[in-house]
Amino acid sequence: MQQTLPKSLPNGVRAGRQQLVRPGRPSGGVPSGAGPIPARPVATAASPQPAASTSGTGADWSKRLLAVAKTKKTSSGPAPADIFSPAKPASAKGGPGGLDPALDFDEGMDEDGELEPARKRLPAEMRCFDTARIFIKAGDGGNGCVAFRREKFVEHGGPAGGCGGRGGNVWAVVDPALNSLSSFRGQVHFRAPLGVSGEGSNCDGADGEDLLVAVPPGTIIRRKGAEEGDPPLAELLQPGERALIAVGGRGGRGNFSFKTSRDRAPAIAERGEKGEELWVDLELKVVADVGIIGVPNAGKSTLLSVVTAAKPKIANYPFTTLVPNLGVCEMDYRTTVFADVPGLLEGAHEGLGLGHEFLRHVQRCRVLVHVIDGTSPDPIGDYSAINLELELFNPDLKDKPQLVAYNKIDVPDSGDFWEMVQEQLTTEYGVPADRIFAVSAATGRGVTELVRAVRGVLDELGPATLEKETNAQNLTAIPARRDVRIDEFTISVEEMPGVSPAPGGGPNRVYYVEGEAIERFASMTNWDYYESSKRFQRVLEASGINGALRAKGVREGETVVIGEAEFAWSEAKGDAAVYASWVKDMKERGVNRQGSARWPRPEGV
Ligand SMILES: Nc1nc2c(ncn2[C@@H]2O[C@H](COP(=O)(O)OP(=O)(O)OP(=O)(O)O)[C@@H](O)[C@H]2O)c(=O)[nH]1
Ligand SMILES: [Mg+2]
């Protein structure tokens, strides 16, 4: 018989055993899912904005925007993201010509250390409003225990080690009070509690509590790096709806579970299975009935603030609004959700300005209110440019019902233009006259009529249905354990620098054995017990891994890696050799020998 013997355990394995940070045994009354939930963001509207700072800033900035827009249109101008790079401010704090540097420009890397060039210059608020990347780790199972019943008058009490508890699962749950993913700026890592280890007297450990991660309605959850066509893990729409994201590890079995008629006092226990861990990408679809669109500075946020209770930032410079604001309008006992989208520019469909980030939200609105800036030098030009952008982004957007709000009618100049604009819209653009309104968001004139008309169009469309857009899995129960075969594995050989430890030297080869079942088995093997190690050797032989390694030409002393465990190949035969190697490993790791009462008899005795 040929063996591979545990040589030393890599850090990962040792770290596993040092998980002393165990959750206390949950007391009976704790409701499940009392785990951390991201803090709620401020209810509506007010999103962090660049400070309006000096009076000159606005004008300069709009000039820069237009300059960028023009160069972009002609040929290879600066990249769209440049709009948001502070223009080398003269003074440290937001001199004219630049965005206030107080704005949080996170140039950070993601967890892999990759810079994400397209998004890195966007202010953090914007990135976190509708997308977020978080790390999720379900709890590891508790370890099994080796113990024996020791009681007066009970001779040979037998094994009494309990099993470890299951690790907590991680669920995503819809919290209707949330309306953005910005809460995930503050917390990125979510870990469910571990299962509690088993104990003597056949006490099984408690299961880890499930962790509930609160997400806003309309969240789509995808595994990081998933392919385009892969079904997302979850798409959650209704309040309270939940989906399982990561499954906790199974608890390790204690020695009572290993008792058989042949081996009535086994000194063997498993370690808990590792809980699943993964990075996931969250995407929020803004679910609003009405989308307010228009050029920057047209008065979209002002309109939102009059029709709803939302308090968005309003200021006289373009791109005051960086992320969509939502507001709920209650009129005639009906509620309508309005979204004010950041200003759109020519070229928005290909990423200019902020538009493209949010045009996909516009797609989901049922009706659009197109705000025209009455004080603009060319209101009709603005109108047609925006409509063209919508059409270029998605041809279906052209057919979306649209109402026109000619804003700032209180300003004398715009009042003069109104009739001309109205006529042009009806004759040249075919907009029905009953869908064009002259309003003044500032004074409230005409706004009620506009909202009534919006309601009328919504009623014509019929009741809103929140529909799933993806074929998300939305697991609601723990899936049945997949049957993975232990003899399904692959072996890869890598050459490392240095000379082989095998007699005769040669290239230093390392053999990597990969297979879901065998790797899980290795991670659940408790190397502190001799019988566990022996069981592992038996499985290696029976699963054909030893045979396959031999076929690859493994030699004495060469390294074999299975999951996180590392072994040295040995041709030595017999229990005594396995035992000697186990003792050596325990010494190297400085661990007390456990369950060593059963010495294997030396060979031939
Ligand atoms: N006189 C007048 N001024 C208005 C009216 N509506 C908005 N404004 C002003 O126009 C400026 C821009 O308003 P916002 O509501 O911030 O415009 P916006 O379209 O949201 O702009 P961005 O978010 O930057 O795209 C502010 O100074 C408002 O006070 C109006 O009806 N009359
Ligand atoms: Mg705005």
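In the predicted model, Asn-474 lies in the loop between helix H8 and strand E16 (490-499), where helices (H or I, at least four residues) and strands (E, at least two) are DSSP runs numbered from the N terminus. The phi of Asn-474 is near 45°, a positive value in a residue other than glycine. Asn-474 counts as buried because 20 other C-beta atoms lie within 10 Å, the cut-offs being 20 or more other C-beta atoms within 10 Å of a residue's own for buried, 12 or fewer for exposed, and anything in between for partly exposed, with C-beta atoms placed from the backbone. Asn-297, in the loop between E10 and H4, likewise is not a glycine and has a positive phi, of about 70°; Asn-297 is buried, with 20 other C-beta atoms within 10 Å. Most residues other than glycine have a negative phi.

Residues are numbered from 1 along each chain as its sequence is written, while chains are lettered from A and ligands numbered from 1 in the order in which they are written. Because the model is predicted, local features need pLDDT of at least 70 and side-chain atom pairs count only at pLDDT 80 or more, whereas totals for chains, interfaces and linings use all residues.

Helix H4 (residues 300-307) is mostly covered, with 8 of its 8 residues buried, among them Lys-300, Ser-301 and Thr-302. The elements that cover these buried residues include strands E10 (290-294), E11 (325-331), E12 (334-340) and E13 (367-373), together with E14 and helix H8 (447-461), contact being defined by C-beta atoms, placed from the backbone, that lie within 7 Å. H4 also gives the most to the shell around ligand 1, with 3 residues. In total, 24 residues surround ligand 1, the closest being Gly-299, Ser-301, Asn-316, Thr-321 and Gly-343; a residue is near the ligand if its C-beta atom, placed from the backbone, lies within 6 Å of it. By class, this shell has 10 nonpolar, 11 polar and 3 charged residues, where Ala, Val, Leu, Ile, Met, Phe, Trp, Tyr, Cys and Pro count as nonpolar, Asp, Glu, Lys and Arg as charged, and the others, Gly among them, as polar.

Helix H7 (residues 412-428) has 17 residues and reaches 25 Å from its first C-alpha to its last, close to the 24 Å expected at 1.5 Å a residue, a span taken as 1.5 Å times one less than the number of residues. The buried residues of H7 are Ser-414, Phe-417 and Leu-425, and their cover includes helix H6 (379-393), strand E14 (402-407) and strand E15 (436-438). Just after H7, Gly-430 takes a positive phi of about 65°.

Over the chain, which contains 12 helices and 19 strands, 42% of the 605 residues count as buried. The mean pLDDT is 75, and 74% of the residues reach 70 or more, pLDDT being the predictor's confidence in each residue, from 0 to 100. Among the elements, helix H1 (residues 11-17) has the lowest mean pLDDT (31) and strand E4 (residues 189-191) the highest (95). Over residues 5-120 pLDDT stays under 50. Where pLDDT is low, the predicted coordinates should not be read in detail. For the complex, the predictor gives an ipTM of 0.98 and a pTM of 0.64.

Key
Contact = placed C-beta atoms within 7 Å.
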